[in-house]
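Please read them with the structure open.

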Amino acid sequence: MNTSAANPEASAGGSGAGNETHAWLGDAIPDVPLSKAQSRVVDVIGRNPQLSSYADIAEIAKRADVNNSTVVRAAQHLGYRGWPDLQRELRSRYLVMISTEETLTEHGEHRSPLHDAINHDIENLRLTLDSTTADDAEAAIAAMAAAKSITVLGIGSFAGPASVMAHLGSTMGYPITLENRGGVHLASSTNTLGEGDVLVVINMWRSVRQIIVTAEAAKQAGATVIAISDMRRGRLAAAADHLLVVASEGISFFQSVTAANSLVYGLLAGMEAAHPERSRAAIRRTQQLWKDLDIYLD
């Protein structure tokens, strides 16, 4: 990444002072009292979207004329677990702000697309592990284990992890369905959600209006909303009863769903453990149906 532009104050997001310069941050930086040192950290972040999204903590500290620990404390004061968690949020918003084509410039050339993709996803998994606690996951699992019905919503690339969750959840006997369409289909499949139902929303990168509105409507109707997202703040996070944060940056113009898939596998394992007898009985029935339907060659 090119994080050392000749004029960092003129990087994407504006070069003037005040709120206009920081507009790209949205609600990533809450309106809380800051010390003078913390204010300098936030000002550096707001004025330099690209730099703050990719630079290491030492560079941010140098620009703000503070030490590394001050940057960490500033991130924690803003509601994040530390600098990596805040930077993951900043990067998610920066990638939304620039065009899809510009992401190719950001990511640069690949020495080996295969190895670069895998190494990048290893980092995504590490960031996800740092951003989402075991308690967060357990709370979401408990909600699904007690659900009357579960609808998993994901469209485009993000229908991938949604499909995995719905398919394997059904294999275990959960009352779970996939919704990977929008428009009238989405309205019809979610219009009965209410008390006792769970809506799992998988949405990363740009917020899809239909998905966000559906999550808000489900919450208002009394359903429990579980969000798997790469943003800790925003409308989807506000609508979620349980928020599971994943890293999603890819090495090309598209986002990666590797961390989201890994998180889904963890949730599914917890769902099986929550109802082991029912799950195993359903799995046995499924395997028998495979034989009866003569699905597999072996």
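**Notes on the predicted model**

1. Start with strand E3. This strand is mostly covered: six of its six residues are buried. The model is a predicted one. Both faces of E3 are covered. Asp197, Leu199 and Val201 are buried on one side. Val198, Val200 and Ile202 are buried on the other.

2. Next, the sheet. Which order do the five strands take? The order is E2-E1-E3-E4-E5, in an open sheet with parallel pairing. The edge strands are E2 (176-179) and E5 (242-245), and each pairs on one side only. On average, neighbouring strands of this sheet are turned by 15° against each other, direction ignored.

3. Now the pairings of E3. With E1, this strand pairs in the parallel sense over five bridges. Five bridges also join E3 to E4, and these two run parallel. Val201 can be followed in both directions. Leu153 has Val201 of E3 as its bridge partner. Val201 in turn stands opposite Ala227 in E4.

4. E4 (residues 224-229) pairs with E5 in the parallel sense, over four bridges. Ala227 stands opposite Leu243 in E5.

5. Which strands does H9 lie across? They are E1 (149-153), E2 and E3 (197-202). H9 runs at about 155° to E2.

6. Turn to H13 (residues 258-274) and H14 (residues 276-292). Their axes come within 5 Å and cross at roughly 105°. Angles of 65 to 115 degrees count as roughly perpendicular, so H13 and H14 are roughly perpendicular to each other. On the H13 side, the contact is made by Met271, Glu272, Ala273 and Ala274. On the H14 side, the residues are Pro276, Ser279 and Arg280. By type, the residues of this contact divide into four nonpolar, one polar and two charged.

7. His22 deserves a look. His22 sits in the segment before H1. Is His22 buried or exposed? His22 counts as buried because its relative accessibility is 19%, and the cut-off for buried is under 20%. Setting aside residues up to four places away in sequence, His22 touches Val42, Asp43, Gly46 and Arg47. The side chains of His22 and Asp43 are joined by a polar contact of 3.3 Å.

8. The side chain of Arg47 makes a polar contact with the Asp43 side chain, at 2.9 Å. Arg47 lies in helix H1 (residues 36-47). Arg47 is buried, with a relative accessible area of 16%.

9. Asp65 has a phi near 60°, a positive value in a residue other than glycine. Asp65 lies in the loop between H3 (57-64) and H4 (68-77). Its relative accessible area is 62%, so Asp65 is exposed. Trp205 also has a phi near 60°, again positive and again in a residue other than glycine. Trp205 is in the loop between E3 and H11.

10. Gly234 is in the loop between E4 and H12 (235-239). Gly234 is partly exposed, at 24% relative accessible area.

11. Last, Val213. This residue lies in helix H11 (residues 209-220). Val213 is partly exposed, with a relative accessible area of 41%. Val213 and Lys291 are 78 residues apart along the chain, and their C-alpha atoms are separated by 42 Å.

Technical notes. Residues are numbered from 1 along each chain as its sequence is written. This is a predicted model: local features need pLDDT of at least 70, side-chain atom pairs count only at pLDDT 80 or more; totals for chains, interfaces and linings use all residues. Side-chain values use heavy atoms; hydrogens and water are left out. Buried means under 20% relative accessible area, exposed over 50%, partly exposed in between (1.4 Å probe, protein chains only). A polar contact is a pair of N or O atoms within 3.5 Å; within protein, one must be able to donate a hydrogen and the other to accept it, and residues adjacent in sequence count only if both atoms are side-chain atoms. Two strands pair if DSSP finds at least two bridges between them. Axes are lines fitted to C-alpha atoms, for helices over the stretch in contact, and angles run from 0 to 180 degrees between N-to-C directions. Contact means heavy atoms within 4.5 Å. Angles under 35 degrees count as roughly parallel, over 145 as roughly antiparallel, 65 to 115 as roughly perpendicular and the rest as oblique. Ala, Val, Leu, Ile, Met, Phe, Trp, Tyr, Cys and Pro count as nonpolar, Asp, Glu, Lys and Arg as charged, and the others, Gly among them, as polar.
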